[in-house]
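Open the model in your viewer and keep the selection tool handy. We'll go from stop to stop, and at each one you'll get something to select and a note on what is there.

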Amino acid sequence: MNARSDLELRRLLARIFLVLFVCGAVAFAVLAALAGPGPAPNRGTYALFCALCAGFAGLAWLDLTVVRRRLAAGQGRAEQDGGGRRKIR
């Protein structure tokens with residue numbers, strides 16, 4: 001038997017974190033634009049956080065595409081068999 005993940009939950013979490021990381025990237029980009037070259041936190045610190053948030057947003061986007069492909073292929077969906085029990089394809 002193969003282990004399966006809950007694709008609907010993965011899709012929900014990926015959507016939530018995609019939005020959060022995109023908002024974080026935008027916020028840190030604005031802070032980087034407004035920050036000066038002085039002591040920390042400076043422009044470089046905010047730019048680093050912006051890049052990290054953008055990278056994590058990319059990973060969430062990649063996970064959404066994988067989940068979409070797996071759901072389209074029929075993985076993770078349960079169906080009823082003759083005995084009333086659920087079986088997983």
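## Stop 1: a nonpolar patch

Start by selecting Leu9, Leu12, Leu13, Ile16, Phe17 and Leu20: they form a nonpolar patch on the surface, with about 530 Å² of accessible area together. A patch here takes residues with over 30% relative accessible area and no salt bridge, joining nonpolar side chains (Val, Leu, Ile, Met, Phe, Trp, Tyr) within 5 Å and like charges within 9 Å. Accessible areas come from the Shrake-Rupley method with a 1.4 Å probe, and for residues only the protein chains shown count as cover.

Before going on, some housekeeping: this is a predicted model, where local features need pLDDT of at least 70 and side-chain atom pairs count only at pLDDT 80 or more, while totals for chains, interfaces and linings use all residues. Residues are numbered from 1 along each chain as its sequence is written, and side-chain values use heavy atoms, with hydrogens and water left out.

Ile16 sits in helix α1, residues 7-34, and has 40% relative accessibility, so it counts as partly exposed. Leu12 lies in helix α1 as well, and it is partly exposed at 47%. The scale is this: buried means under 20% relative accessible area, exposed means over 50%, and partly exposed is in between (1.4 Å probe, protein chains only).

## Stop 2: the whole chain

Zoom out and colour by secondary structure. Helices (H or I, at least four residues) and strands (E, at least two) are DSSP runs, numbered from the N terminus.

Of the 89 residues in the protein chain, 18% are buried. The chain exposes about 6,600 Å², and carbon and sulfur atoms supply 65% of that. Take the contacts (heavy atoms within 4.5 Å) between residues at least 6 apart in sequence: 56% of them join residues at least 24 apart.

## Stop 3

Select α1. Its 28 residues reach 40 Å from first C-alpha to last, close to the expected 40 Å at 1.5 Å a residue. The expected span is 1.5 Å times one less than the number of residues in the helix. Show the side chains of Leu7, Ala14, Leu18, Gly24, Ala25 and Ala32, which are buried in α1. What do the buried residues of α1 pack against? They pack against α2.

Switch to α2, with 30 residues and a reach of 43 Å from first C-alpha to last, close to the 44 Å expected. Here the buried set is Tyr46, Cys50, Cys53, Ala57, Ala60, Leu64, Val67 and Leu71, and the buried residues of α2 pack against α1. For a distance across the pair, draw a line between the C-alpha atoms of Leu12 and Leu64: they are separated by 9.0 Å and lie 52 residues apart along the chain.

## Stop 4: salt bridges

Side chains of opposite charge can pair when their charged atoms come close. How many salt bridges does a search of the whole structure find? The search finds 2, counting a side-chain nitrogen of Lys or Arg within 4 Å of a carboxyl oxygen of Asp or Glu.

Select Asp63 and Arg10, whose side chains meet at 2.3 Å, N to O. Asp63 lies in helix α2 and Arg10 in helix α1, so this pair ties together parts that are 53 residues apart in sequence. Asp63 is partly exposed at 23%, and Arg10 is partly exposed at 23%.

Then select Arg11 and Glu8, which meet at 2.5 Å, N to O. Both lie in helix α1, 3 residues apart, about one turn of the helix. Arg11 is partly exposed at 26%, and Glu8 is partly exposed at 42%.

## Stop 5: cysteines

Cys50 is buried at 18%, and Cys53 is buried at 13%.

## Stop 6: two backbone spots

Select Ala40 and Pro41: a cis peptide bond joins them, with omega about 0°. Pro41 is in the loop between α1 and α2 (43-72).
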